[in-house]
Amino acid sequence: MKVIHKLRIVSRGKKSYLGAVPLVAYVGVFLGIPAGAVIVDAFRSASGSFTFRNIQGAMTGTYLASFVESIRLAVFSTVISAFAGLLVAIAVVGMADTRPRRAIMAASGVFANTGGVPLAFSFIATLGNFGMLTRLLSSAGFNIYDHGFSLYSTTGLTIVYQYFLIPVMVLVMIPPLEAINEAWLEAAQTLGATWPTIWRTVIGPVVFPPFLAASLLLFTDAFAAYATAAALTSGVIPLVPIQIGSLIQGNVVTGEANLGSALGFGMILIVGIVAVAYIRLSQKAQKWLR
Amino acid sequence: MASIVASETELVGKPSIKFGESEKMFGLGRRFRFIVLTLTIVFFLIPVLASVRYSLLGNHNSLTLSAYGAIFTDPEFISSVLVSVKIAVGTVAITILLVTPTVVWVRLKRPDLVTVLETISLLPMIVPAVVVTLGVLTAFASLPNIIMGSPVILALEYVVLALPYTFRSIDSGAGSIDIKTLVEASKSLGSTWLSTMVRVILPNLRSAITSAIFLSTAFVFGEFAVASLMSFTTFPVWLVQVGSARADESVALSVVALLLTWGALTLISIIGFQRQKRTGIRRSSTFSVSIITKE
Amino acid sequence: MSHTAENPETFAMPNDRVPREWSRKGTSVSLRGLRRQFGSTLALSDLSLDISPGELVVMLGPSGCGKTTALRALAGLEPLDAGSIFLDNRDISKRAAHKREMGMVFQAYSLFPNMTAAQNVAYGLKLRGVPTKTIETRVSEMLDLVRLPTHSDRYANELSGGQQQRVALARALAISPKVLLLDEPLSALDAKVRVELREEIRRIQLEFGITTLFVTHDQDEALAIADRIAVLNNGAIEQIGTPAQVYSSPVNSFVAQFVGSVNVFTEIIDSNNAVVVLGQRLNLDRWSVGSIGSKVRLMVRPESISVKATEDGNVTISAVGFMGSSLNITAITQAGDVVRSNVSWHGGSDLRPGMSAKAEIVGPILFAESLSS
């Protein structure tokens, strides 16, 4: 009886896509159409004809510089947070007691979400012109703003971004580090390997693919971030998301109607390439892990 | 925009129970752990402390709650929070009605499509929020004012933008129970489809749906890019407006906003842990679902 | 196994004798007074053990008895609070794990996931700077030895559990270790693979003549492959001897009950230093278990009890389990005690649940102890 029942359920749903239609359609309308519009507009002149002028405009002058600056910010933020996050993850995974690990994972989940406006203001209160740390260091005889530091710069943003990027890295790296079996390390020892050798031959190769994948994730995160940068720098630093924002709000007068779309297309392209690399690497990372 | 959804690697327990688990995993000593964790805690606590201090002292170095008092009596505060609440209700309602049946259906009828849907749910991460806004403004310009001229469009878009987290949350909840067996058992006892759904499936997905509700609410109350670029004064947008005029009030508000977000997210992790306890399944995704950066 | 043929003198006597001359090519291992404490738990309590060159000793015990700790201490993976370890009379207690020259096979999943089977086997050789050509030859020899010649390019997750353990064995042996250590290497495998592989481990161990310490909680495994079995409990050795000695002459009730299964009877000693079990009078002269009127606990193996169907027997049969070569019979006495019997089966049997039968002790008393103290 039961078997027949089961078979019927399976066979009836065999070729059906019906249940997936609403969600897929929704994503198509509210993500696909806007993204498609941006991509199409990127190649369209004000009169509606096909053109490369928008793309050319996006690749010259300030706009090219903002791509460079955005990538620079994303690369710096990624490299620092990736290594910092990896170190934290290693420190946490090594604990014999699992309670601190869970606490730190929960905290990371929380801090990874602390992007945006409130974060920007917290850092103004910390490292801004009159921030607590700024004044503390100043009263100790070291005014960081006299030494070239500014919170409202790429360096400042790099520090602020650590606040949500490091926790993301911790969260992503804990599972692969956890999957490193103690028996691999012990087997290597009994076979004659010292710790540096074990790092080079076993831990390194196993951790590297997920590490790289996670780094790509952090890159897209830092590259696409808008709120923190907007709240903190009010458009002082030329970053691509900020430029697009200015174009949307009509703060900038240009001859190019669809320049913003060209910039947006550039962002989709960069994030897309990184996303494909991420998927490739995650698959490789999963190959070894059971 | 958004950040990540971690891989669904299950946290596999060690094969054997060992006494005195080695404290020197990876050949690194306790000093390494102590230094790394101390520096981390310091880095993450200082901005919190500084914010609290700043909100209480302001620039004038006298302890006062006036900043907190000022914000809560500001009529703009009330109205911006109300706008965000309305958007949150809409976002949550659409999300739950859209995602829950889809997830149940796919797990039941087409388990082979789970990966495809997961991938689709991650697509919003490829398109930065700023670009989505640009697209919405050009593609939907001709839509009636009741949609484009009101926060309705924000709710509609937030459903998509929060999808990587909400979908993952409900999907991993559904993955941790055996929907197929539950449905077969229920049907063999003579239940109809509707009563199976309402009485058997939903109660088992309750904690997953609750996390999804928290996640979308947290998302709505943090999202700045789309709202500000479309000129809607939601709570985060108002926060920035205040910030440019009255610094100590905005920091005070940020403290409140941070504490509220952390409270909500901590609640999600607790729900997650309880779910783990109940089902006996430890999944890293319980943590990963709670990763959003509100950019 | 005939119990009546046992020499009464060997009962209840620890027997440390090595049963045969061992080949001289292996290394001798001496554990002296090993002590290891975790918090309030004493994992090793002055454990001492000598392993002759080429001998296979199995450490058998329940989980938490300290057997794995002892093995890991020998490998250098676990520090000791006290005690010394000697290889061929040289003290290696202070030597780091990577300098101990021991081949170790772990419970499961110990293959490096980023390397193929061949690369795993080659790992230890590469670290020793062995020339590439020699490594290649050695690796294929080793994979032939564990009967996986065609699997050299597979990654761990492309191998079955049994195949992974074979590769792990090849990897451990490739470096020509002085001692082979096996930490419950079969516990994660299916019953059938487990039996196959344990026979293979034994074959290879004898072929190499390598001194081997094998840790398990599975008594069948221990009895099947050991030269000698060391039964551990609470961090100390309860008894060490050949499988036959440990099985038929346990030195205490723990060993009696842990190795093999037993029937336990609690009776009172009567005037003639005897007890009555199943209506039979059993003399206790060879056991010093207390005076007349005191309580005594007796242990008898199931195969030492015969059960025959009869009209007015002393038990009622409650279950008959068919084991192929034998029958496992469970019966209940009039007093309500459970009696388990194992009788060999030669085709046909008239025993059915519910029948009345006569249970009779036909073998020796395995162990007897006084309960009065």
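This is a predicted model: local features need pLDDT of at least 70, side-chain atom pairs count only at pLDDT 80 or more; totals for chains, interfaces and linings use all residues.
1. Let's start with the layout of chain B: going from the N terminus, its elements read α-α-α-α-α-α-α-α-α-α-α-α-α-α.

2. Staying with chain B, how much of the chain is buried? Of its 295 residues, 56% are buried. The accessible surface of chain B is about 12,100 Å², and carbon and sulfur atoms hold 68% of that.

3. Have a look at who touches whom inside chain B, too. Among contacts with a separation of 6 or more, 76% are between residues 24 or more positions apart.

4. Now over to where chain A meets chain C. Chain A puts 21 residues into the contact and chain C puts in 26 residues. Together the two chains bury about 2,100 Å², with 62% of it on carbon and sulfur atoms.

5. Which side chains form the salt bridge here? The rule finds one across the interface of chain A and chain C, and it pairs Arg72(C) with Glu186(A) at 2.7 Å, N to O. There are also seven residue pairs in polar contact between chain A and chain C, counting pairs with both residues at pLDDT 80 or more.

6. Which parts of chain A face chain C? The elements giving two or more residues to that side are helix H9 (182-190), helix H10 (195-224) and helix H13 (259-288) of chain A. H9(A) supplies the largest share, seven residues. Sorted by type, the chain A side has 11 nonpolar residues, seven polar and three charged.

Definitions and conventions:
Residues are numbered from 1 along each chain as its sequence is written. Chains are lettered from A and ligands numbered from 1 in the order in which they are written. Side-chain values use heavy atoms; hydrogens and water are left out. Contact means heavy atoms within 4.5 Å. Buried area is the accessible area (1.4 Å probe) that two parts lose on being put together, summed over both. A salt bridge is a side-chain nitrogen of Lys or Arg within 4 Å of a carboxyl oxygen of Asp or Glu. A polar contact is a pair of N or O atoms within 3.5 Å; within protein, one must be able to donate a hydrogen and the other to accept it, and residues adjacent in sequence count only if both atoms are side-chain atoms. Helices (H or I, at least four residues) and strands (E, at least two) are DSSP runs, numbered from the N terminus. Ala, Val, Leu, Ile, Met, Phe, Trp, Tyr, Cys and Pro count as nonpolar, Asp, Glu, Lys and Arg as charged, and the others, Gly among them, as polar. Buried means under 20% relative accessible area, exposed over 50%, partly exposed in between (1.4 Å probe, protein chains only). Accessible areas come from the Shrake-Rupley method with a 1.4 Å probe; for residues, only the protein chains shown count as cover.
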